[in-house]
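Trainee: I am new to this structure and would like to go through it step by step. Please show it first.

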Amino acid sequence: MDFVGKNYDHFLGYALSGGGAKGFAHLGALRVLEKSGLKPDIIAGTSAGALAGVFYADGYHPDEIAELFRKREFREFVEFTIPKTGFFKNMGLHNFLKKNLRAKRFEELQIPFCAVATDWNRAATVVFSNGDKLVDAVVASCSVPVVFSPHAIHGIHYVDGGLLKNFPVSVIRKKCKYVIGVNVSLMIPPAGKDNIKTIMERTFNLMSNSNTLFDKAYCDILIETRGIEKYSMFDLHNQEAIMEAGYHHAAMKMSEKESLKIVKKCHRHDELVKKVQSHIHFFKGGLKS
């Protein structure tokens, strides 16, 4: 029986943007969505959104994800290399994911998940959603050009998905009845004093923001975390403040009339699914006896 409608595979999807350390705001937003009684049928994430999204899809509570990163330093996730294709190798992040993710394949996740990366040679967006390259796909999605060396999967080199698709709403739009998007990467102000780090960060921020406009328009509920633009994309020291901003803006958005209407429809859908599944289980039990 089709609970969603003939044009949709899923009822509710989450799209989580890139944004470096600003991705901690995703965890605050996810806490609000959980308190609203919502659970997605699919998640799409780019870069920091892929990092938050894969742990959530793996069954971690937002607070548990935050605990994994608490009191960690940037250097724990990287390995310095002689600059050729990037200043750092991302083996630290690879090992961190391999150690903490319960699922080893996309199919083992509790919630279907899509990681968005950029094929460096073809200059094309690539969506990973199946197979045993789960960890590699998330690492590729987080590989900011220049900072990190491109990440190879089956001989193909990938970089951060935010280069072309920082807010992956369109990745799941046609598959979902409703999409809630969380955009944590708003335009950052110019640095007071330019250096290689600030120029690189603002350059990437300008590129990623330019490709979010299309996707913003396709959200049924758009949560944007204003006020965290001042934090660096590599800032792991203000996790709590960034999470709190995500929580605050998500709570404000979810309290709006239009958002509450969608929440009610999601609750009704979940109740219908549970009733039908209960009947199916009952009839199967009867047939066995």
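Predicted model: local features only at pLDDT ≥ 70, side-chain atom pairs only at ≥ 80, totals over all residues.

Trainee: What percentage of the residues in the protein chain is buried?

Mentor: Buried means under 20% relative accessible area, exposed over 50%, and partly exposed in between (1.4 Å probe, protein chains only). Of the 289 residues in the protein chain, the buried ones make up 54%.

Trainee: How many helices and strands does the protein chain have?

Mentor: Both are DSSP runs numbered from the N terminus: helices are H or I with at least four residues, strands are E with at least two. The count for the protein chain is 10 helices and 11 strands.

Trainee: Why is strand 5 described as largely enclosed by the rest of the structure?

Mentor: Strand 5 covers residues 113-119. Phe113, Ala115, Ala117 and Asp119 point one way, and Cys114, Val116 and Thr118 the other way. Strand 5 is largely enclosed because the number of its seven residues that are buried is seven.

Trainee: Which strand pairs with strand 5 in the parallel sense?

Mentor: Two strands pair if DSSP finds at least two bridges between them. Ala115 in strand 5 is the bridge partner of Gly45. The parallel pairing has four bridges, and the partner is strand 2 (residues 42-46).

Trainee: How many bridges join strand 5 to strand 6?

Mentor: Strand 6 (residues 124-128) runs antiparallel to strand 5, and Val127 in strand 6 stands opposite Val116. In their hairpin, with four residues between the strands, Ala123 takes a positive phi near 55 degrees. The number of bridges joining strand 5 to strand 6 is five.

Trainee: Which residue in strand 9 is the bridge partner of Asp119?

Mentor: Strand 9 (residues 156-160) runs antiparallel to strand 5, joined by three bridges. The partner of Asp119 there is Tyr158.

Trainee: What is the distance from the sulfur of Cys114 to the closest cysteine sulfur?

Mentor: A disulfide is a pair of cysteine sulfur atoms within 2.5 Å, and a search of the whole structure finds zero. Cys114 is buried at 2% relative accessibility, and Cys176 is buried at 0%. The closest sulfur to that of Cys114 is in Cys176, too far for a bond, at 8.8 Å.

Trainee: Is Lys165 buried or exposed?

Mentor: Lys165 lies in the loop between strand 9 and helix 6 (169-172). Beyond its neighbours within four places in sequence, its contacts (heavy atoms within 4.5 Å) include Thr46, Val116 and Asp215. With a relative accessible area of 13%, Lys165 is buried.

Key. Residues numbered from 1 in each chain as written. Heavy atoms only, no water.
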